[in-house]
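Please look over the sequence and the 3D structure below.

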Amino acid sequence: MPRCSKRTRSGAPANGGEVLSGATAIDDHHHHKRSRNSSSRRHSKSEDTSFSVKKCLAWFKEYTTASEPDVLGPEGMEKFCQDIGVDPENVVMLVIAYKMGAKQMGFFTQEEWLKGLTDLQCDSAHKLQNKLENLRSLLNDPYIFKAIYRYSYDFARDKDQRSLETGTARALLGVLLPRWALRPALSDFLARERRYRVVNRDQWCNILEFSRTVDTQLNSYDADGAWPVMLDEFVEWLRAERAGDAAMPAAS
């Protein structure tokens with residue numbers, strides 16, 4: 001094997017040193033680049049999760065008009081529902097309104113909007129969409145559900161009336177108690193009995209209690225209980241309807 005010249009051997013470390021120095025510089029460059037990218041990702045993630053009042057108010061303005069900049073009205077509400085992918089009659093909209101402390105159905109004031117969405121830490125449609133399932137789950141808590149049910153009475157009634165119109169009450173019951181077996185019968189009763197043009201607060205609150213304590217067959221109904229007359233008459237009417245159906249001959 002031929003011997004390496006002294007010049008070659010002495011030059012090798014020098015060349016190797018230059019390569020090592022260059023590699024170190026490249027590694028340092030990539031390290032700083034990765035650090036910047038990592039820092040950028042952390043910053044971006046922080047921006048995504050943080051709440052901005054300014055951004056929240058700018059989002060609100062997307063649904064208002066120049067003539068009423070501080071009130072989100074029916075048209076804006078429709079667009080808001082579209083943006084978060086929720087039907088206006090979905091019960092979760094009632095939960096959102098409850099969180100905002102909204103006073104009138106179909107309207108959010110800027111103050112109500114900021115109060116509710118600050119509490120939810122949402123300043124965009126995307127963030128609110130991510131909270132929808134959590135908001136729906138609140139209805140599984142009987143105490144929170146009762147609070148929302150009672151809140152809905154004042155929220156839905158016309159502000160120039162003390163009581164809730166029967167038609168509105170029937171629609172609300174469909175949203176709040178869709179699986180209550182006696183709801184269709186009560187709705188039918190209220191539609192037929194013209195004297196019940198409105199539902200007062202006591203009647204409204206007792207409907208919820210009735211739905212929780214009286215079974216479908218009405219066996220647990222106590223005629224001597226402190227139920228409003230409207231519910232006493234409903235039970236009497238429903239029993240008569242069922243008795244009439246039972247007496248009818250079966251169709252051949």
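Start at Arg-170, which lies in helix H9 (residues 166–176). Helices here are DSSP runs of H or I of at least four residues, strands are runs of E of at least two, and both are numbered from the N terminus. Arg-170 is partly exposed, with a relative accessible area of 31%. The scale is this: buried means under 20% relative accessible area, exposed means over 50%, and partly exposed falls in between (1.4 Å probe, protein chains only). Leaving aside neighbours within four places in sequence, Arg-170 is in contact with Ser-187, Leu-190 and Ala-191. Contact means heavy atoms within 4.5 Å. The C-alpha atoms of Arg-170 and Val-199 are separated by 9.6 Å, and these two residues are 29 apart along the chain.

All of this comes from a predicted model, where local features need pLDDT of at least 70, side-chain atom pairs count only at pLDDT 80 or more, and totals for chains, interfaces and linings use all residues. Residues are numbered from 1 along each chain as its sequence is written, and side-chain values use heavy atoms, with hydrogens and water left out.

Now move to helix H11, where Asn-206 is found. Asn-206 counts as buried, at 15% relative accessibility. It touches Ala-226, Trp-227, Pro-228 and Leu-231, not counting residues up to four places away in sequence.

Leu-218 sits in the loop between helix H11 (201–213) and helix H12 (229–247). Is Leu-218 buried or exposed? Leu-218 counts as buried, at 0% relative accessibility. Its phi is positive, about 70°, although it is not a glycine. Most residues other than glycine have a negative phi. Gln-121 also has a positive phi, of about 60°, and is not a glycine. That residue is in the loop between helix H5 (110–120) and helix H6 (125–129). Gln-121 is partly exposed, with a relative accessible area of 40%.

Next, the core. The largest nonpolar core has 66 residues. Such a core is a set of buried Ala, Val, Leu, Ile, Met, Phe, Trp, Tyr and Cys residues joined through side-chain atoms within 4.5 Å. Phe-80, Phe-108, Trp-113, Leu-128, Trp-204 and Phe-210 have the most contacts inside it. Helix H4 (residues 91–100) gives the most to this core, with 8 residues. Beyond four places in sequence, Phe-210 touches Leu-218, Trp-227 and Leu-231, among others.

H4 also packs against helix H8 (residues 142–156), at an angle of about 85° and with the axes 10 Å apart. Axes are lines fitted to C-alpha atoms, for helices over the stretch in contact, and angles run from 0 to 180 degrees between N-to-C directions. H4 is therefore roughly perpendicular to H8, a label for angles of 65 to 115 degrees. From H4 come Leu-94, Val-95, Ala-97 and Tyr-98; from H8 come Ala-147, Ile-148, Tyr-151, Ser-152 and Phe-155.

Finally, confidence. pLDDT is the predictor's confidence in each residue, from 0 to 100. The chain averages 85, and 78% of the residues score at least 70. Over residues 1–26 pLDDT stays under 50, and the model has 1 contact for them beyond four places in sequence. Where pLDDT is low, the predicted coordinates should not be read in detail.

Methods: Angles under 35 degrees count as roughly parallel, over 145 as roughly antiparallel, 65 to 115 as roughly perpendicular and the rest as oblique.
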